[in-house]
Amino acid sequence: MPEPDQNTLARRKDIIAAMRDIIPTPGGVIVDDDQLRPYECDGLMAYRQLPMIVVLPENTAQVAAILKYCHTNKIRVVPRGAGTGLSGGALPMADAITISMMKFNRVLDIDWDNRAAVVQPGVTNLGITRAVEHEGFYYAPDPSSQIACSIGGNIAENSGGVHCLKYGLTTNNVLGVEMVTIEGDILRIGGKGLDQAGYDLLGIVTGSEGLLGIVTEVTVRILRKPETARALLLGFNSSEEGGNCVAAIIAAGIIPGGLEMMDAPAIKATEEFVQAGYPLDVEALLLVELDGPQVEVDYLIDRVGKIAKDCGAVYSRISESEEERLLFWSGRKNAFPAIGRISPDYMCMDGTIPRGRLSEVLTGMQDLSKQHGLGVANVFHAGDGNLHPLI
Ligand SMILES: Cc1cc2nc3c(=O)[nH]c(=O)nc-3n(C[C@H](O)[C@H](O)[C@H](O)COP(=O)(O)OP(=O)(O)OC[C@H]3O[C@@H](n4cnc5c(N)ncnc54)[C@H](O)[C@@H]3O)c2cc1C
């Protein structure tokens, strides 16, 4: 942690007074240690630091006034959404103001004709789907933290999830933002269409970890829910065969709605925890979801089944009902807590490798695991080569 700037800390009283002028609402400026404590870290809990103060603005004008004041007076700021980030983006600094965006929690407009939803940045990822599902729509990017994480945080981290292989990451689903620059200027970038004239500034903002400004309004694309979705469990005698099957499915031109893989330690821990019906006598399990019109899904299920057989699959089971499809997924979605049950702690790595080299990387990891005497369970978004070894 860098040494805090003493000059800033010496001005803390004045800074608090200035923030209270901007946000007069009771509770809008947090200064006591016990109330600052919940903000001391994000999902990267190995690092903790109390912020100098926390402010909770309620509108764009307040955000602009805060940033203008901080820029003029050379005070650092750290934007914060729900604090679920795993890379320490919302980790406070002792000489900085944490700006929590969680009071920006309203859905502002649903534009069915343009298939767009306009929301405030503190709305949760799942909250967007909840707001449009009664008309058969949803918001596609689905990080596992979607029940809690905010769309503002998703933009800053360009978050992805199971459905991103087919439907894209946050960057492919955000159409426009209103944001306040670090200097305190209010900007509008993009709109309700897929592409805007000029430089792709939205592409720069998405994934910029809150370093370019604070997003105060978001317009996202909403999609029609697929008519049908079915999941397929495929078991293999080696991770290598499972990895090869992933590459073969994609090479055949099939883009599943979800394509996840787990190795034997992850399968065992998960099955003991949620009883999702996973086979315990395989070394690798693929969970493939195919979605779309019924006739297309039936055809693709058949094709993927054949590809898997050619790749050496020794187990195959197709979900026969919506309950069963959700049960298959409940295993994958509970894999992390399942590992937490069998080990006092674990380190989760997050890396992406070329899909075609999955089996090579998995074999290499097994060798390293033996060499260092450390257990590794692998759970990953196989379709886009995003690995999560849990060490
Ligand atoms: C159990 C668990 C599972 C997860 N699964 C996934 C997953 O599948 N995929 C995935 O991508 N991530 C995943 N994550 C990580 C995390 O949930 C995402 O990165 C998420 O987007 C963070 O959102 P947040 O609201 O919690 O942001 P925070 O953690 O509060 O902040 C994250 C970053 O966003 C910035 N920020 C927040 N709000 C704004 C704003 N309005 N304007 C500008 N910058 C802002 C912050 O400064 C920080 O840099 C997971 C985390 C957990 C704990």
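**View 1. Helix α12 at the second largest pocket of the predicted model.** Helix α12 covers residues 322-333. Other elements that each give two or more residues to the lining are α5 (125-132), β12 and β14.

**View 2. The lining of the second largest pocket, residue by residue.** The pocket has a volume of about 750 Å³. Its lining is made up of 27 residues. Those nearest the centre are Gln146, His163, Lys225, Arg325 and Lys333. Sorted by class, the lining holds 11 nonpolar, 10 charged and six polar residues. Domain 2 (107-224) and domain 3 (228-390) each supply at least three residues to the lining.

**View 3. An open sheet of seven strands.** The strands follow the order β15-β12-β14-β13-β17-β18-β16, and their pairing is antiparallel. Which strands stand at the edges? They are β15 (315-318) and β16 (351-352). Each has a single partner strand, so one side of each lacks a neighbour in the sheet.

**View 4. Helix α11 against the sheet.**

**View 5. The pairing of β17 with β18.** Strand β17 spans residues 377-381, and strand β18 spans residues 386-390. The two run antiparallel and are joined by five bridges. One of the bridge pairs is histidine 381 with asparagine 386, the latter in β18.

Conventions. Residues are numbered from 1 along each chain as its sequence is written. This is a predicted model: local features need pLDDT of at least 70, side-chain atom pairs count only at pLDDT 80 or more; totals for chains, interfaces and linings use all residues. Side-chain values use heavy atoms; hydrogens and water are left out. Two strands pair if DSSP finds at least two bridges between them. Helices (H or I, at least four residues) and strands (E, at least two) are DSSP runs, numbered from the N terminus. Contact means heavy atoms within 4.5 Å. Axes are lines fitted to C-alpha atoms, for helices over the stretch in contact, and angles run from 0 to 180 degrees between N-to-C directions. On a 1 Å grid over the protein atoms alone, a cavity is a set of points where a 1.4 Å probe fits but cannot get out, and a pocket is an open set with protein on both sides within 12 Å along at least five of seven lines; lining residues have an atom within 4 Å of a point. Grid points are joined across faces, edges and corners, and a volume is the space filled by probe spheres set on the points. Ala, Val, Leu, Ile, Met, Phe, Trp, Tyr, Cys and Pro count as nonpolar, Asp, Glu, Lys and Arg as charged, and the others, Gly among them, as polar. Domain bounds come from an automatic or database domain assignment.
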